[in-house]
Amino acid sequence: MKALRLSPDQVHVGSLILVNGDYDYREPSSSLALHPLTYVAPVLLRRRAAVLFTGLMDEIGGWEGIVPVSGYRSLAEQTDIWNDSLAEHGKDFTSAYVARPGHSEHQTGLALDLGLKKENIDFLCPDFPDSGICRSFQKRAPEYGFIKRYPPGKEGITGISYEPWHFRYVGTPHGEIMEKEGLTLEEYVFFLRNFPHGKHPYLFAAGGRWITVSWLAARRDEVTWLTVDDRLPYSVSGDNVDGFIITEWRDGYVA
């Protein structure tokens with residue numbers, strides 16, 4: 001067994017951080033490890049997200065019909081987009097489709113806007129229909145750790161209008177769990193509080209193996225200690241609220 005020392009700052013780090021109108025993005029002290037998806041006017045993602053996105057696109061033959069439109073944005077870039085949209089489209093449209101600077105998932109390097117490849121693509125609202133190659137991407141995305149971040153009917157929860165083009169990397173198996181349970185990231189982060197670490201984890205079968213997911217409350221302004229079995233694969237992500245999400249790949253296979 002291994003004891004991990006988790007600082008208060010680590011609550012704001014990881015692939016499952018919730019960034020929205022209520023929870024702002026805390027810029028890391030070190031630079032993000034970003035990787036280009038395209039090399040002409042490069043669209044950037046965190047390295048792990050970029051690798052899995054590329055794998056998914058290769059698997060479905062997506063490069064011929066889908067184009068990455070926007071990935072990582074700095075705070076300054078998001079501020080410019082917000083201000084330009086206000087000037088061009090007004091407050092109602094901007095509030096519905098553009099996150100406030102400091103509250104945008106694009107600043108995390110984990111979010112990606114995609115568009116159907118064609119001559120003219122709308123930067124803010126690219127066309128991404130529920131058909132053809134776009135539909136194939138949507139169906140396979142969860143198993144690669146990507147979710148449709150702003151689904152229809154959940155606007156009151158996410159605070160953003162339906163955006164079929166906006167995808168967020170949350171990692172595996174979380175994309176599949178959220179798809180199975182019908183949860184947005186807002187709902188998932190709080191759903192996992194029903195599964196406290198060391199007591200009653202969420203159990204999920206994937207790839208013939210059991211995976212457990214659990215939540216641990218962070219100690220306010222103090223170090224939080226987490227005990228894991230370091231003989232087995234595990235990952236820890238902050239939730240950007242007040243806790244940590246622990247994912248553990250267990251011994252033993254699903255029959």
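Asn240 lies in the loop between strands E11 and E12. Helices (H or I, at least four residues) and strands (E, at least two) are DSSP runs, numbered from the N terminus. The phi of Asn240 is near 70°, a positive value in a residue other than glycine. With 4% relative accessibility, Asn240 counts as buried; buried means under 20% relative accessible area, exposed over 50% and partly exposed in between (1.4 Å probe, protein chains only). The model is predicted: local features need pLDDT of at least 70, side-chain atom pairs count only at pLDDT 80 or more, and totals for chains, interfaces and linings use all residues. Residues are numbered from 1 along each chain as its sequence is written, and side-chain values use heavy atoms, with hydrogens and water left out.

Asp221 also has a positive phi, near 60°, and is a residue other than glycine. Asp221 is placed in the loop between strand E9 (209-217) and E10. Its relative accessibility is 70%, so Asp221 counts as exposed. A further backbone feature is the peptide bond from Thr172 to Pro173, which is cis, with omega near 5°. Pro173 sits in the loop between E7 and H6. Most residues other than glycine have a negative phi, and most peptide bonds are trans.

Strand E10 (residues 224-228) shows alternating side chains. Thr224, Leu226 and Val228 point to one face and are buried. E10 runs antiparallel to strand E1 (residues 2-6), and five bridges join the two. Ala3 has Thr227 in E10 as its bridge partner.

An open sheet is formed by four strands in the order E4-E5-E7-E6, with antiparallel pairing. Two strands pair if DSSP finds at least two bridges between them. Strand E4 (66-70) and E6 stand at the edges with a single partner strand each, so one side of each is left without a neighbour in the sheet. From one strand to the next, the twist averages 45°. For such angles, axes are lines fitted to C-alpha atoms (for helices over the stretch in contact), and values run from 0 to 180 degrees between N-to-C directions. Within the sheet, strand E5 (residues 111-116) pairs with E7 over three bridges in the antiparallel sense. Ala111 stands opposite Arg168 in E7.

Helix H1 (residues 47-60) has 14 residues. The helix reaches 20 Å from its first C-alpha to its last, close to the 20 Å expected at 1.5 Å a residue. The expected span is 1.5 Å times one less than the number of residues. The buried residues of H1 are Ala49, Ala50, Leu52, Phe53, Leu56, Met57 and Ile60. An α-helix has 3.6 residues a turn, so residues three or four places apart point the same way. Gly61 follows H1 and has a positive phi, near 65°.

A cavity is a set of points where a 1.4 Å probe fits but cannot get out; a pocket is an open set with protein on both sides within 12 Å along at least five of seven lines; lining residues have an atom within 4 Å of a point. Grid points are joined across faces, edges and corners, and a volume is the space filled by probe spheres set on the points. A search of the whole structure finds one cavity of 30 Å³ or more. The largest cavity holds about 150 Å³ of space. Its lining has 15 residues, of which Tyr97, Val98, Ala99, His106 and Glu163 lie nearest its centre. Strand E7 (residues 163-169) gives the most to this lining, with three residues. By class, the lining of the largest cavity has seven nonpolar, four polar and four charged residues. Here Ala, Val, Leu, Ile, Met, Phe, Trp, Tyr, Cys and Pro count as nonpolar, Asp, Glu, Lys and Arg as charged, and the others, Gly among them, as polar.

The largest pocket contains about 380 Å³ of space. Of its 18 lining residues, Pro142, Ile147, Lys148, Pro151 and Glu179 lie nearest its centre. Helix H4 (132-140), strand E6 (146-150) and helix H6 (174-181) each supply at least two residues of the lining.
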